[in-house]
Amino acid sequence: SSLTGTMADKTGSLTITSGQNNLWTPASFNNLQIWFGGAPDAPFTHDGSGSNAAALAGTPPSARTAFSAANRMFAISTSANPSILQWSVLSDPSDWTGTGSGTQQVSKNDGEELLFGVPVGNNVAILFKNSSTHKALLDTAPFPVIPIQKGTGAAGRWAWCVVDGVIYFITPGKRMRSTIDGSSFTDYPNYINDVWDSINNARVPYIQGFYYESLRQIHWYVSTGSATTNHLAIIWDLKHQCWLRHLTGFDVNVSALVQGRDLYCGHYDGKVYKKNVASTYTDASETSPGAIDAYVQTFWTPPKGLSNVLQPRWIEHVVEGQTSGTFEISYGFDFSPNQHSETQSMIAPGDLWDNALWDVASWSGSTSIMRRTFVFGRGNLFQYKVRNANSSEAFVYQGGTIYMRPVDTRKMMLVP
């Protein structure tokens, strides 16, 4: 349920070709975890015991990825056959040549590799290429594969995740979309297109997708600019329907949830780090661990229904009350951010421990408090930012409201 102690090498006699982009895909089958991928290398298994992992017996292909469904293993793409889908015999993931096994080429001549497959519904899998989707019907072997549509596909083998039956994926054009059936697609807000556009094109095939169920978030680990490793997390928050991002702490190559639902990530320094540790406000995974710079910043978009010229009166912030600490508020107009700034206390009103009378004062759990920032100035666009970067303080921003006074509601005065 957790990762503790000293890690042991359990590869044994397996062939594991080193390389940051030689990634493996795990698939559960009965009481085994079966891994496909690597360079690709031969698949291997592990049963969760203290013994070493072992090569998968029998005649399995050295495929780039795989999935399990309909009581079989399905392997996707090999070096020699990049568009091939292969399956084992019923109930035996080691037999790939006996009765009931088989192969199927998926749009072999379109010049694209078959990237991955996602089981959905009753004995159906949606298969993705870079610019197309296909449906594999898994009721009875040999399994037919039907083209669904041409035009939309996935960026890479790991650029997807499934949440509540919905497949979320990143397109080669560096945008998130989702689908249930592989034929109809949903788009998402475009206000961080500049972030998506900054992704290094050479690293698009290595985007990693991960669903962090504890926070109801979809994480995309990406490389921007000229970076050669995934150093940024772009996050879609399902609960709040908004984009977030982690600028530090997510130099992530692989990720996993343990049984306790804690998130662990493998970084490029050869270490595994636990994320979102309670009462921890520094990033141990960074080269020079420092305070986590947490902030919320609005966009340069005027509220609906108001004129182009805006004159905010004040902003009301709601934060979780703390026993100590402050947070910083800054705002600006017309693409000149942080023109004015101030700090506000996060200490909730009421009695403080060691400063009140025993059996007279009362204490309770955390509470929300409101802080008001008066705004001076006006412009066509307005933006504000709240921030805390103290390594010893919690900071929970719960929302803000901008109270506006449109400039065009002026009073007129006659001048003699």
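The term pLDDT denotes the predictor's confidence in each residue, from 0 to 100. The structure is a predicted model, in which local features need pLDDT of at least 70, side-chain atom pairs count only at pLDDT 80 or more, and totals for chains, interfaces and linings use all residues. Residues are numbered from 1 along each chain as its sequence is written, and side-chain values use heavy atoms, with hydrogens and water left out.

**Exercise 1.** State the mean pLDDT of the chain and describe residues 409–414.

*Solution.* The chain has a mean pLDDT of 89, and 91% of its residues reach 70 or more. Over residues 409–414, pLDDT stays under 50. For this stretch the model has one contact (heavy atoms within 4.5 Å) beyond four places in sequence.

**Exercise 2.** Determine the order of the four strands in the open sheet.

*Solution.* Strands are DSSP runs (E, at least two residues), numbered from the N terminus. Two strands pair if DSSP finds at least two bridges between them. The order is 1-2-3-4, with antiparallel pairing. Strand 1 (24–29) and strand 4 (54–55) stand at the edges with a single partner strand each, so one side of each lacks a neighbour in the sheet. Strand 4 pairs with strand 3 (residues 41–46) over two bridges. Threonine 45 stands opposite alanine 54 of strand 4.

**Exercise 3.** Is tryptophan 158 buried or exposed?

*Solution.* Buried means under 20% relative accessible area, exposed over 50%, and partly exposed in between (1.4 Å probe, protein chains only). Tryptophan 158 is buried because its relative accessibility is 14%. Tryptophan 158 lies in the loop between strand 12 (145–150) and strand 13 (160–163). Leaving aside residues up to four places away in sequence, its contacts include Asn21, Leu23 and Tyr206.
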